[in-house]
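Biologist: I would like to learn how to read a fold from its coordinates. Please take me through it feature by feature.

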Amino acid sequence: MRKTIFCAAVLLLATTAIFTGCKKDQQTVNNQNFSYNVDKFYDLEVLRYRVEGFEQLTLQQKQLIYHLSEAALQGRDILYDQNCRYNLRIRRALEAVYLSDSYKQQYNAEDKESQAYLMEKYLKRVWFSNGIHHHYSEDKFLPEFTREWFEQALTEAQYNLEKEVLDVMFDPALMQKRMAQADGVDLIASSAGNYYGEGITQAEAEAWYAAHKDTSAEPKWIGLNSQLVKVNGEIQERVYHVGGLYSAALEQVVESLKKALAFAETEEQKLVIEKLIAYNQTGDLDTFNQYCIAWVRDLNSRVDFVNGFTETYADPLGITGTWEAMVNFKNTESTHRTELISQNAQWFEDHSTTDPKYKKEEVKGVSAKVITAAILGGDCYPATPIGINLPNANWIRKEYGSKSVSIDNLSHAYDEAAKGNGFAEEFIIDEETRQRAEQYGTMCNDLHTDLHECAGHGSGKLMPGVTKENLKEHGSCIEEARADLFGLYYLADPKLVELGLLPNKDAYKAGYYQQMMNGLMTQLVRIEPGKDIEEAHMRDRQLIANWVYQHAANKEVEIAERDGKHYLQINDYEGLRRLFGELLREIQRVTSEGDYAAAKELVETYAVKVNPELHAEILARYNKLNLAPYKGFVNPVYTLVKDEDGNVTDVSIDYTEGYIEQHLRYSRDYSFLPDVN
Ligand code: ZN
């Protein structure tokens with residue numbers, strides 16, 4: 001249920017990462033020079049995203065976004081310190097060297113093996129990971145420059161860094177993992193994360209949480225906003241709030257929230273901001289619950305935001321929230337698309353290929369909100385989720401609901417940035433199919449996701465006595481396949497053209513090719529040689545593609561060989577649709593009847609195993625393209641525009657800031673915490 005990448009987003013991310021069109025002119029968008037690609041180093045690529053529609057917002061909304069954006073950036077140091085207590089000292093030392101005259105004299109962008117160049121690369125990596133551990137694998141990465149060189153560079157920059165910190169940077173044995181996951185070790189002692197003070201054991205922390213657990217009907221999330229430390233043998237809680245831990249940063253956040261308050265769009269939103277200010281000031285968890293409830297109830301404001309200690313994945317015990325921030329506003333055009341699908345949910349249900357006895361008499365479509373991100377901060381930056389689903393407290397979700405959004409402009413930036421990277425040329429069979437992918441690929445992707453989310457999951461009914469649990473460990477794969485097939489079946493329906501969701505009757509073919517290619521071949525780039533497919537969405541996609549491939553009695557789909565390479569070839573798109581419909585009918589039956597044996601058979605036959613030769617070939621072709629598997633972003637820059645009397649007349653947005661410039665500016669203007677907290 002947690003935030004980050006909910007199911008649609010996983011689908012989208014996987015397809016966007018693996019599928020691309022082949023447009024060459026991505027530099028020019030809306031008559032403004034705009035490059036999605038910013039920088040690339042190690043396994044990371046930095047992109048830029050567009051905030052489409054910002055200019056059309058009201059001055060009030062723009063100012064609200066401006067102040068909320070400030071609040072989003074002001075907590076940056078908190079995340080560094082949460083990730084590891086040495087991070088701030090290391091980042092500051094690196095930046096001091098980087099900005100020193102002696103370093104600048106040494107630096108030569110052409111000499112990629114020089115110590116100075118390697119330090120820049122390391123610093124870029126530290127910024128990307130908000131610390132010295134890889135943002136995804138959580139392993140510590142080591143500098144490629146020598147300790148001797150760095151110590152000399154520090155001396156020349158007249159910057160003092162303790163030996164203890166240098167040891168952490170250079171000794172591979174120290175602080176190896178940001179978060180340990182292995183069984184049988186003390187998770188706190190073996191994690192570099194700073195959610196617990198030195199000397200506290202896992203057993204002690206668990207005992208403390210157990211003793212302080214709130215068992216009331218509306219429980220407080222004890223430990224969400226604190227670090228546990230041991231003082232004179234006793235466990236104490238250091239709470240994150242103004243006057244407590246991370247005070248200097250939270251004071252700034254509160255000041256910006258106060259400024260934002262003046263521009264709140266609705267009474268509901270005003271309450272959200274007021275509660276968040278109070279929570280930051282006191283650290284009181286009842287106030288946090290009130291804030292969450294107010295946030296869920298604020299449905300009419302165009303602008304929305306997250307700011308604070310939110311997701312608990314990074315705490316090895318899963319209790320304490322990591323600081324994150326994002327400001328966004330509703331994308332009315334894309335939300336209209338999901339509303340249209342939702343309004344027609346009954347029509348889709350009535351016309352699907354499933355047996356009438358498994359159809360719902362009354363379907364309630366889900367209207368997902370599509371948003372445009374305006375700024376990313378904390379744990380949403382530079383690497384970011386493309387969907388949000390909050391709050392995390394189950395009792396609030398149950399009683400007051402939750403908000404689920406997909407972030408369109410970030411997904412589109414992934415798509416656009418991937419164009420021209422060689423992927424389509426390598427894996428799509430011919431020019432005609434490539435051109436169709438370029439023209440309609442993103443559109444089909446969005447639409448398939450919307451159909452999956454807004455109609456697919458909500459369709460169909462279970463027979464009396466059957467629950468979702470009947471399918472046990474195969475339940476989520478089958479459920480995702482059901483929603484995917486529902487979307488695929490309707491992607492080709494003339495109804496979508498009629499509703500204005502697709503421009504013509506052939507556009508869907510781009511979506512069909514992409515789904516089949518991904519499910520049968522290209523998603524395998526995420527699997528290590530010799531491994532099975534484990535993740536539910538990946539299984540679902542292979543299940544569909546492989547089943548259809550195996551059942552293509554009239555060669556509707558085949559794998560063709562050209563010059564020793566294998567390609568997906570679709571000979572009959574309408575026949576392919578019939579096959580999707582057939583499988584949808586069966587999977588709905590399996591779901592409605594709770595037929596575990598059939599679910600197991602489907603998953604084990606089609607979804608899990610990988611053809612080792614094809615896998616090896618795909619990996620070899622993919623690796624040659626030299627693509628960075630992890631992406632992150634730079635933010636746009638917002639500036640208040642004032643008249644000569646000092647009145648704000650507009651908020652401008654600028655996209656020209658580079659990756660290094662941005663981080664140096666953030667470290668200069670938004671760094672409030674001391675080295676040691
Ligand atoms: Zn789903």
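Biologist: How many residues of strand β11 are buried?

Modeller: Strands are DSSP runs of E, at least two residues long, and helices are runs of H or I, at least four, both numbered from the N terminus. Buried means under 20% relative accessible area, exposed over 50%, partly exposed in between, with a 1.4 Å probe and protein chains only. In β11, residues 403-407, four of the five residues are buried. This is a predicted model: local features need pLDDT of at least 70, side-chain atom pairs need 80 or more, and totals for chains, interfaces and linings use all residues. Residues are numbered from 1 along each chain as its sequence is written, and side-chain values use heavy atoms, without hydrogens and water.

Biologist: Which strands are joined to β11 by bridges?

Modeller: Two strands pair if DSSP finds at least two bridges between them. Strand β9 (residues 369-378) runs parallel to β11, with three bridges. There V370 faces S406. Strand β10 (residues 387-390) runs antiparallel to β11, with four bridges. Here N389 stands opposite S404.

Biologist: And the side chains in a strand?

Modeller: In a regular strand they alternate between the two faces of the sheet.

Biologist: What do β15 and β16 form?

Modeller: They form a hairpin, with five residues between the strands. Six bridges join β15 (residues 637-642) to β16 (residues 648-654), in antiparallel fashion. In the turn, G646 has a positive phi of about 90°.

Biologist: How many disulfides are there?

Modeller: The test is a pair of cysteine sulfur atoms within 2.5 Å. The count is zero. As for cover, C454 is buried at 2% relative accessibility. C477 is buried too, at 3%.

Biologist: Now the whole chain. How many helices and strands does it have?

Modeller: The protein chain has 26 helices and 16 strands. Its radius of gyration is 26 Å, close to the 26 Å from the globule rule for 677 residues, so the chain is as compact as a globular protein of that length. The radius is taken over C-alpha atoms, and the rule is 2.2 Å times the number of residues to the power 0.38. Those C-alpha atoms fill a box of roughly 75 × 65 × 60 Å along the principal axes.

Biologist: What share of the residues is buried?

Modeller: Of the 677 residues, 60% count as buried.

Biologist: What share of contacts joins residues at least 24 apart?

Modeller: Contact means heavy atoms within 4.5 Å. Among contacts between residues at least 6 apart in sequence, 73% join residues at least 24 apart.
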